[in-house]
Amino acid sequence: MSRKMILRVPKFQEPKRMEKSEAQRLWLLLKDAIVEVQHMNASTLSFEELYRSSYSLVIAKRGDILYTGLEEVNNHHTKNLLDKIAQAVDERFLIELNSQWQQYKLQQIMIHDILMYLDRMYVKEPQLKVFDLGMFKWKQNVLIHSQINDRLVRMLLGLIHMERNGEVIDGALMKSLIQMYVDVSLKEKETYKQEFEERFLLATSHFYKSESNLFITNNSCGAYLKKVEIRLIEEEARIKQYLDESTGPKLIKACEDELIANHMQTMIEMETGCRTMIQNDRFNELKLMYRLFQRVENGLVHLKNEFAGYVRNEGHKIVNQPENLKDPNALITSLIEIRNRFEKTLSQSFANNRDFINSVNTAFESFLNENDKLSESLALFIDKKLRGGFKDSNDQEIDVIMNKVILLFRFLSDKDVFKKFYEHYLAKRLLSGRSFSEDLERTMISKFKQECGNQFTSKMEGMFTDMRLSKDALDGFKNYLQTSVEMGKLPKIDMSVRVLTQGFWPTFPPHSCTLPPLLSQYCDLFTKYYCHAHTGRRIIWQTNIGTAEVTFRLPKKTHVLALSTYQMLIMLLFNDAEKLSLKQMAAGTSISFMDIQRSVKPLYSGKYKVLKRTPAVEKSKELSENDIFELNLNLKCKLHRIKFAATSQTDSEPERQHTRQRVDEDRKIEIDAAIVRIMKSRKALIHNDLIVECTKQLSSRFVPQTSMIKKRIENLIEREYLERFPDDRRRYRYLA
Amino acid sequence: RIFQDYSTLSNNLISLFEDPDGNDSNFKIKTPDRTFFCHRNILKYRSSYFEGLFRSNYQETQQGEITFNDISTQVMEKVLIFLYSGRVEMDRENAVDILLVANKLLIENLKQFSEQFV
């Protein structure tokens, strides 16, 4: 086949050239059809004929006739429609406008379909596409015409206003008319935004401004919150029902501004507001408030600050209540209670929001460290629990309490003070055999270990080891006694000794006393035995924390008295005397007068009195060294064994002072170690940096005072660990 | 995994077009000497011309048939087979005619094929 054949003109191809008259004929044909379409008479028209006519015009390069013609026809038609629509009165206006618009839109699709070839092959930017041209003509000649636009917007806004006031309106009509603004917008919904949306948002703000002001002054905060929530749901529904979705965020923002943001301060402060809700644990209302405040900028900050402020205030009250200052158990119990209460608020109302939790924790930190009582109180609280307070709780309850203890502990800034007190009371429990359960003791310690590491609990664990080793040592001692030569000469007594490794245990203030010869001999025997078994060790007898059982023979009855070692020594004096003054007791035992006072007190003033004061005076009167005591031979008691408290239950002030002093000693060592550690790695450092670094390193254990750090630095310079730079006195150098 | 078998699909769709019963056909296309029995939905998705035709309620849509006086039966058949199956046999004889029809009926792929061939 030759190439000529390819170029052969197909027999059905339209001629390239077209007579002007032919073009005119085709246009008139199309124009008549368009007018018919505009009168809804399309069903008698042939699509193919009309399409072919427009196609032919475009092929013959006469698309211009068609396009300009179309513009004119649309122009004419829309102007006619304007008159028709503008004449409609009242509600008829919207209905007439809508029905004309729906028809017009349909017609434009039909016109577009027959002119599709024109649309595709002829129309070039900036000319409007056939359908857009139709939309533009409607906008120009109908929608934004002064007789229509303002009237329409006012009526639409009026209907929305009515709906907001609870009346039912025609949602479908609204949707169609509002969508019209979107449809006639050529790009980015500009007509919709300019002509409708802007005014709608303004009306919305206006409506909610006056509604919210009125409502909040006449109702409770709770009722207002519910109202706001309902309003927001309604507006969300409104967006779906008849607004363009692009308005959604703007509408909601406008509502949130008027309904929430503008009233936040009021909702917090008003009588029924946030404060009252927190006070009264109104979890649901707070939850709603949280949800709503969350929607606006900085809303949660307001709520959080208010809540944290309340927590701080409540905590402040508890830690400063006079009754609580006297009763550590009540103090810690109340703290655990408010902690539980606020945790409930956090979870039920504030979605356990991290920021909220953190600010509550900060509040706890601040009031828990307001005074220095808390470390000791917490240690005493646990002491009481571990002495039997847990007796009636099951494992789970115990675990809950222990975890709360750890939680409060976590907030303490001076954990070392707590540690000292805890060790002190642990030692007392172990030595007096008052610990309720070794398992629970160990559980508690393991929780501290988890929290603070090995170092924190190593001494406590050492105490337990000593207790175990003491038992072994005592068994060995008993065997030794049986084989010992000296044993035959001595009357048998049942002696129990606990060997406490120095360093693990709190150092008890040194006291001295004279033991009766028999006991003294036994002590020597034990020392001999023990030092033989463990060479290089030295034993110091700590008689002030010991206990003893003595037989108390009365004319008709015999009792066994469980006493402290000191009390035993005092009672033994009465073997040789009928009456003794305190002064004589002190002389006979070499015990300090203060300890005599403390030891005697339970013996004559408790429930069972083995001593009586002669002559009898008021109980409360302070003891003086000349007060005279004698045995109470009329003691009435059904028990065989009578137990006496060694001293008063809580520690005396000097003991407490002693504990604190030891904390300070330990801190010096810790600070020294920290400074040396830091300087060793940094070699040279400016004063302030060293202070900051040092405080940071120690913060998990305690908050060191700057003055203390300064003193330690001076001390280390003296001891030639550090030196100042000669040219810059504020810089230190590490001396290896 | 996705398994694809366009050629069977294509053949099956040609059978649909050529089905002598034409029972479920819902639209007739007439050329001067033949009537083709077609399906609105296939035509509508394959050609913008038919899409517009079926969208707007003109005479042809109501009557269920259209007549093309400017398209020959042979070319019409080729074009319809393409619409159904995506396949077209072209030779230098009919390429230009096919191009003209593809252009008028706004069948973009077919227009491109035939343009390459002309």
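Between which helix and which strand of chain A does Lys683(A) lie? In this predicted model, in which local features need a pLDDT of at least 70 and side-chain atom pairs count only at pLDDT 80 or more, totals for chains, interfaces and linings use all residues. Residues are numbered from 1 along each chain as its sequence is written, chains are lettered from A and ligands numbered from 1 in the order in which they are written, and side-chain values use heavy atoms, with hydrogens and water left out.

Lys683(A) is placed in the loop that runs from helix H29 (653–682) to strand E7 (684–686) of chain A, where helices (H or I, at least four residues) and strands (E, at least two) are DSSP runs numbered from the N terminus. Its phi is near 65°, a positive value in a residue other than glycine. Most residues other than glycine have a negative phi, and most peptide bonds are trans. A positive phi, of about 50°, is also found at Asp281(A), which is not a glycine and which lies in the loop between helix H14 (274–279) and helix H15 (283–293) of chain A. Asp281(A) counts as partly exposed because its relative accessibility is 28%, the class between buried (under 20% relative accessible area) and exposed (over 50%), as computed with a 1.4 Å probe on protein chains only. A cis peptide bond, with omega about 5°, joins Glu125(A) to Pro126(A), and Pro126(A) has its place in the loop between helix H6 (116–121) and helix H7 (130–143) of chain A.

Two residues within helices of chain A are described next. Asp383(A), in helix H20 (residues 373–389), counts as buried because its relative accessibility is 6%; when residues up to four places away in sequence are not counted, Asp383(A) touches Tyr425(A) and Arg429(A), contact being taken as heavy atoms within 4.5 Å. Thr565(A), in helix H26 (residues 565–573) of chain A, is likewise buried, at 9% relative accessibility. The side chain of Thr565(A) reaches the backbone nitrogen of Thr547(A) at 3.3 Å, and the contacts of Thr565(A) beyond four places in sequence include Leu515(A), Thr543(A) and Gly546(A).

In chain B, helix H5 (residues 73–85) has 13 residues and reaches 18 Å from its first C-alpha to its last, close to the 18 Å expected at 1.5 Å a residue, the expected span being 1.5 Å times one less than the number of residues. Because 10 of its 13 residues are buried, H5(B) is largely enclosed by the rest of the structure; among the buried residues are Val75(B), Met76(B), Val79(B) and Phe82(B). H5(B) is followed by Gly86(B), which has a positive phi near 80°.

The contact between the chains takes 31 residues from chain A and 27 residues from chain B. Chain A and chain B bury about 2,600 Å² between them, 59% of it on carbon and sulfur atoms, buried area being the accessible area (1.4 Å probe) that two parts lose on being put together, summed over both. Two salt bridges are found across this interface, a salt bridge being a side-chain nitrogen of Lys or Arg within 4 Å of a carboxyl oxygen of Asp or Glu. One of them pairs Lys104(B) with Glu48(A), whose closest N and O atoms are 2.6 Å apart. Helix H1 (3–6), helix H3 (47–59), helix H5 (90–114) and H6 of chain A each supply at least two residues of the side of chain A that touches chain B, and H3(A) gives the most, with eight residues.

Technical notes:
Polar contact = N/O pair within 3.5 Å; in protein donor to acceptor, adjacent residues only side chain to side chain.
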